[in-house]
Amino acid sequence: MSKLMTAEMLVGKALTSSTTSTAFQRLNDEQIRTFLRLVVDGLNVMSADARMVNVQAPEIDMANIDIVDGMMTGGLGATAQVQVADEVTPVFDGITLAPKPFEARLQFETTRLPLWNIEGAGLERTMDEILATYYFNQLEEVFIHGNTAGANPAGYATGMLTTTDGWITKAQSVGHVYDHGAAYVRPFLFESMLDNMPVKWIGNEAARAGFRFYVPSQIERQYKYWLKATRQTALGDMQLTENGGIAYSGIPIVPVPKMHTDDAGVLTQSATADGLSYALLCQPSNKLIGFNPEMRVFKHPRDDGKVTYVNLWGEYDSGFYNEDAVVVAVNVTPTVDPTVAATA
C-alpha cells in the first residue's frame, strides 16, 4: 500500500532533505499533483479541481474532434450514394500548453530571528511551509488572470501576471463571451451565460450538473444577498438560515477568492469603467494545468551565514481542453443594485 503524504511531509521532503552532492531538491510528477491537491486553504479553488497535464516538453498540443449537427443524409434510394457535400466532416481542433517558469524567493535572517520568537529554531521550517503554500496560492491567480498582453498590478513582482495567459484571458479569446455591460449581480447574469453555452453541452439536467459557475467570492456573497433581499421563495428564505452553497439551474456557484473584482472594463466598457469582474462557466475537468516534470526547491545560506535563501521554481501553464464548452461573462459589477439593497 502506498504511503499517504501530507502537505507538510512533501514540503519537508523538498526543504529539509539535503545531500552533499546536490544544491537543490525536487518534487516529482506525482508529488506536485499531490501537493497541489493538499494545499487547499480557501484560496486554491479553481486549480484544486482542474485536470493536471505533465507536459514533459517545451509545449504540448492536445487535439480534440467535433462534428457539427445536421451531417446525416436521409431518404436516398437503394443504390444512391451520399454526395460529397453531404459527407460527415469532422472538425479537428486543439489547444497548446506551454509551461513557463514561475518562482518565489524568501530571505530568512538566521542570526537573531530564530532566537527571538516563540517557535525558536522551528520558525525556519514554518516559514518553509508558508512559502510553499504562498507559491501555489499565487499560481492560482496566475492560472485565472494571467495575460501576456496585459500589465502587472501595482506591487506585483516582475512577470507574475504577464508570462502566460490564464483561463479568463483564454476564455475571452476562444470561448463564448457574454458582455454584462457593467450591470449588477442578479439571476440574469447566470441565465445569460447559459444562453451563450451551446445546448449540446447543457441540454439536460444531468449534463448541467457537471458544470460550475466560477465567480469571485464577492459575487457569490452578493447573489446570496440578492436572494435574501428579493425573497419570495423558499430559496430566498433558505439564504437567511443556511450556510450551504447555492446553485443556478442545477449548476453550483463556486466562490473563488483569487478572482478579481476591480479590473478595468473590456468590450463595451473598454476604457470607460473599472471596478468590474468576471464569471466563468465550464466543467472542472475542462480546466487544464500544464506543468513540466519537476519542481525545484533550492535552499542555501548567504556567504556570510547571516541569511538563508529559499527559492521555489516550477514551470506551469493553464488552458481548456474543449474551448467550445466555456462561457465567460465580462464587465460584471460585483454588487447588487443599490435600490434592491435599500429595500432589504
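**Reading burial and salt bridges**

Trainee: Serine 249 is listed as partly exposed, at a relative accessible area of 37%. How should I read that label?

Mentor: Keep in mind that this is a predicted model. Serine 249 sits in the loop joining strand 8 (246-248) to strand 9 (251-256). Leaving out residues up to four places away in sequence, serine 249 touches Leu194 and Arg208.

Trainee: Is asparagine 286 buried or exposed?

Mentor: Asparagine 286 is buried, with a relative accessible area of 3%. That residue is in the loop between strand 10 (277-282) and strand 11 (287-291). A polar atom of the asparagine 286 side chain lies 3.0 Å from the backbone nitrogen of tyrosine 321, and the side chain also reaches the backbone nitrogen of asparagine 322 at 2.6 Å.

Trainee: How many salt bridges does a search of the whole structure find?

Mentor: The general idea is that oppositely charged side chains can pair when their charged atoms come close. Here the search finds 3 salt bridges. In one of them, lysine 287 meets aspartate 49 at 2.6 Å, N to O. This pair links distant parts of the chain, 238 residues apart. Lysine 287 is buried at 0% relative accessibility, while aspartate 49 is partly exposed at 29%.

Trainee: Which residue forms a salt bridge with glutamate 220?

Mentor: Lysine 224 does, with the closest N and O atoms 3.5 Å apart.

Technical notes. Residues are numbered from 1 along each chain as its sequence is written. This is a predicted model: local features need pLDDT of at least 70, side-chain atom pairs count only at pLDDT 80 or more; totals for chains, interfaces and linings use all residues. Side-chain values use heavy atoms; hydrogens and water are left out. Helices (H or I, at least four residues) and strands (E, at least two) are DSSP runs, numbered from the N terminus. Buried means under 20% relative accessible area, exposed over 50%, partly exposed in between (1.4 Å probe, protein chains only). Contact means heavy atoms within 4.5 Å. A polar contact is a pair of N or O atoms within 3.5 Å; within protein, one must be able to donate a hydrogen and the other to accept it, and residues adjacent in sequence count only if both atoms are side-chain atoms. A salt bridge is a side-chain nitrogen of Lys or Arg within 4 Å of a carboxyl oxygen of Asp or Glu.
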